[in-house]
Amino acid sequence: MSTSELLPSTDILSSNFLVGNVGAPFVIGLAVGYFAKKMLRTALFVIGAAFVVLFVAEYYGITSISNVHLQNAASAATDAAKNSGSFLVNRLSHVTAKGVSAVAGFYAGLRMG
């Protein structure tokens with residue numbers, strides 16, 4: 001038995017290799033990045049609307065808002081957004097052995113969204 005029969009084919013330019021290791025992970029990363037940006041924009045819209053309602057309620061004397069609590073809530077929200085972004089990139093880096101294609105797709109999806 002020769003060594004070529006024992007080793008798997010490693011033709012990196014074949015369509016099977018490119019689709020399985022480059023194309024599909026890139027598309028997965030692209031979809032996740034696009035979705036993440038759209039959801040972030042929607043969340044920011046809703047949070048902004050909530051702040052406007054709070055400010056209007058404070059203006060009319062319905063409620064009182066502490067600036068310290070407002071800043072703490074904003075910093076907690078930004079920390080949560082940072083953690084979720086790093087979680088997605090970390091998870092996508094494990095889609096393939098190298099993970100570069102999926103992460104590149106994620107960033108391309110963020111740019112597109």
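Colleague: Helices here are DSSP runs of H or I, at least four residues, numbered from the N terminus. Which one holds V52?
Modeller: V52 is placed in helix 2, residues 15-59. Keep in mind that this is a predicted model.

Colleague: Is V52 buried, exposed or partly exposed?
Modeller: V52 counts as partly exposed, because its relative accessibility is 49%. The cut-off for exposed is over 50%.

Colleague: What does V52 form with V56, Y59, Y60 and I62?
Modeller: Those residues and V52 form a nonpolar patch on the surface. Together they have about 630 Å² of accessible area.

Colleague: Back to helix 2. What about L54: where is that?
Modeller: L54 lies in helix 2. L54 counts as partly exposed because its relative accessibility is 36%.

Colleague: What does L54 touch, beyond its neighbours within four places in sequence?
Modeller: T63 and I65 are in contact with L54.

Colleague: And how far apart are L54 and S64?
Modeller: In sequence, they are 10 residues apart. In space, their C-alpha atoms are 8.6 Å apart.

Colleague: New topic. How many helices and strands does the chain have?
Modeller: The chain has four helices and zero strands. From the N terminus, the order reads α-α-α-α.

Colleague: Which residues make up the largest nonpolar core?
Modeller: Five residues do: A36, L92, A102, V103 and F106. Helix 4, residues 100-112, supplies the largest share of this core, with three residues. In soluble globular proteins, nonpolar side chains tend to be buried together.

Colleague: What share of the chain is buried?
Modeller: Of its 113 residues, 14% count as buried. The accessible surface of the chain is about 8500 Å². Carbon and sulfur atoms account for 68% of that surface.

Colleague: Take contacts between residues at least 6 apart in sequence. What share join residues at least 24 apart?
Modeller: That share is 65%.

Colleague: Last topic: confidence. What is the mean pLDDT of the chain?
Modeller: The mean is 77, and 76% of the residues reach 70 or more.

Colleague: Where is confidence lowest, and where is it highest?
Modeller: Confidence is lowest in helix 1, residues 3-6, with a mean of 49. Confidence is highest in helix 3, residues 67-92, at 83.

Colleague: How should I read the low part?
Modeller: Where pLDDT is low, the predicted coordinates should not be read in detail.

Note on methods:
Residues numbered from 1 in each chain as written. Predicted model: local features only at pLDDT ≥ 70, side-chain atom pairs only at ≥ 80, totals over all residues. Heavy atoms only, no water. Core = buried A, V, L, I, M, F, W, Y, C linked by side-chain atoms within 4.5 Å. Buried < 20%, exposed > 50% of the residue type's maximum accessible area, 1.4 Å probe, protein only. Helix = DSSP H or I, 4+ residues; strand = E, 2+ residues; numbered from the N terminus. Patch = residues over 30% accessible without salt bridge, like charges linked within 9 Å, V, L, I, M, F, W, Y side chains within 5 Å. Areas by Shrake-Rupley, 256 points an atom, 1.4 Å probe, with all protein chains shown as cover. Salt bridge = Lys/Arg side-chain N within 4 Å of Asp/Glu carboxyl O. pLDDT = per-residue confidence, 0-100. Contact = heavy atoms within 4.5 Å.
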